[in-house]
Amino acid sequence: MLSSVVAKRLVAGMCQAAWRPAVTGLVSCRGYRGDSPDDTRGDLIEMPLPPWEERPGEPADIKKKRLLYESRKRGMLENCILLSLFAKRYLNTMSEKQLLQYDRLINEPSNDWDIYYWATEAQPTPDVYQGEVMDMLKEFTKNRNHEQRLDAPSLEYLEKESQ
């Protein structure tokens with residue numbers, strides 16, 4: 001039988017080897033989807049998104065409130081900040097045609113990164129989204145006045161506008 005001191009040292013050594021696989025030459029069993037060139041992505045489940053539908057007959061004030069909410073609640077922080085500040089500045093002055101363009105722009109693409117890359121001009125904008133509102137968003141994104149844009153605006157400005 002092993003003494004308790006030898007057993008403790010043996011167990012401690014095995015635990016250290018498990019924690020530092022590079023030091024002991026062991027291969028870590030952890031991996032991430034897509035990090036292997038052999039990954040067939042066979043276990044990837046794609047969930048279809050419902051298609052964007054225009055909402056004819058939606059009152060302008062309801063549409064503006066919905067678009068403001070949708071501008072603030074995005075899938076990524078960069079777009080939350082960018083689109084909520086853009087909406088704060090321009091949403092109340094947009095025509096019905098511009099509201100429709102903005103609605104389509106923020107709701108039809110399934111990937112928020114696409115919107116971000118188009119707005120920052122890192123990638124070309126598809127023709128279907130190119131228009132007056134996209135030009136406004138691209139210009140807004142350039143931040144020529146060097147405004148500090150670290151967070152989405154508070155909603156207090158809405159109360160002031162309604163008074």
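Me: What makes Trp118 count as buried or exposed?
Reply: This is a predicted model, and every value here is computed from it. Trp118 has a relative accessible area of 6%. Buried means under 20%. So Trp118 is buried.

Me: Which ring does Trp118 pair with, and why does the pair get its name?
Reply: The partner is Tyr129. The ring centres are 5.1 Å apart, and a pair needs centres within 6.5 Å. The planes meet at 25°, and under 30 degrees counts as stacked. Therefore the Trp118 and Tyr129 pair is stacked.

Me: Which parts of the chain does that pair tie together?
Reply: Trp118 sits in helix α6, residues 112–119. Tyr129 is in the loop between α6 and α7. The pair therefore ties together parts that are 11 residues apart in sequence.

Me: Is Tyr129 buried or exposed, and how do you know?
Reply: Its relative accessibility is 14%. The limit for buried is under 20%, so Tyr129 counts as buried.

Me: How many aromatic pairs does the whole structure have?
Reply: A search finds eight.

Me: What makes Tyr90 and Phe140 a pair, and of which kind?
Reply: Their ring centres lie 6.2 Å apart, and the limit is 6.5 Å. Their planes stand at 80°, and over 60 counts as edge-to-face. So this pair is edge-to-face.

Me: Where do these two residues sit in the chain?
Reply: Tyr90 belongs to helix α4, residues 77–90. Phe140 belongs to helix α7, residues 132–142. They are 50 residues apart, and the pair links distant parts of the chain. Ring pairs also join Tyr90 and Phe140 with Phe86 and Tyr102 into a cluster.

Me: What does Arg104 touch, and where is it?
Reply: Arg104 is in helix α5, residues 96–107. Leaving out residues up to four places away in sequence, Arg104 touches Trp52, Pro109, Val128 and Tyr129. Trp52 is 52 residues away in sequence, with 7.2 Å from C-alpha to C-alpha. Arg104 has 30% relative accessibility, so it counts as partly exposed.

Me: Which residues line the second largest pocket?
Reply: Trp52 and Pro109 are among them, along with Leu49, Pro50, Pro51, Asn107, Glu108 and Ser110. The lining divides into five nonpolar, two polar and one charged. The pocket volume is about 160 Å³.

Me: What is the phi of Glu121, and how exposed is Glu121?
Reply: Glu121 has a positive phi of about 60°, although it is not a glycine. Its place is the loop between α6 and α7.

Me: Why does His146 get its exposure label?
Reply: His146 has 71% relative accessibility. That is over 50%, so His146 counts as exposed. Its phi is also positive, about 55°, and His146 is not a glycine. His146 lies in the loop between α7 and α8.

Me: What is the secondary structure of the protein as a whole?
Reply: There are eight helices and zero strands.

Notes
Residues are numbered from 1 along each chain as its sequence is written. This is a predicted model: local features need pLDDT of at least 70, side-chain atom pairs count only at pLDDT 80 or more; totals for chains, interfaces and linings use all residues. Side-chain values use heavy atoms; hydrogens and water are left out. On a 1 Å grid over the protein atoms alone, a cavity is a set of points where a 1.4 Å probe fits but cannot get out, and a pocket is an open set with protein on both sides within 12 Å along at least five of seven lines; lining residues have an atom within 4 Å of a point. Grid points are joined across faces, edges and corners, and a volume is the space filled by probe spheres set on the points. Ala, Val, Leu, Ile, Met, Phe, Trp, Tyr, Cys and Pro count as nonpolar, Asp, Glu, Lys and Arg as charged, and the others, Gly among them, as polar. Helices (H or I, at least four residues) and strands (E, at least two) are DSSP runs, numbered from the N terminus. Rings of Phe, Tyr and Trp (its six-membered ring) pair if their centres lie within 6.5 Å; planes under 30 degrees apart count as stacked, over 60 as edge-to-face and the rest as tilted. Buried means under 20% relative accessible area, exposed over 50%, partly exposed in between (1.4 Å probe, protein chains only). Contact means heavy atoms within 4.5 Å.
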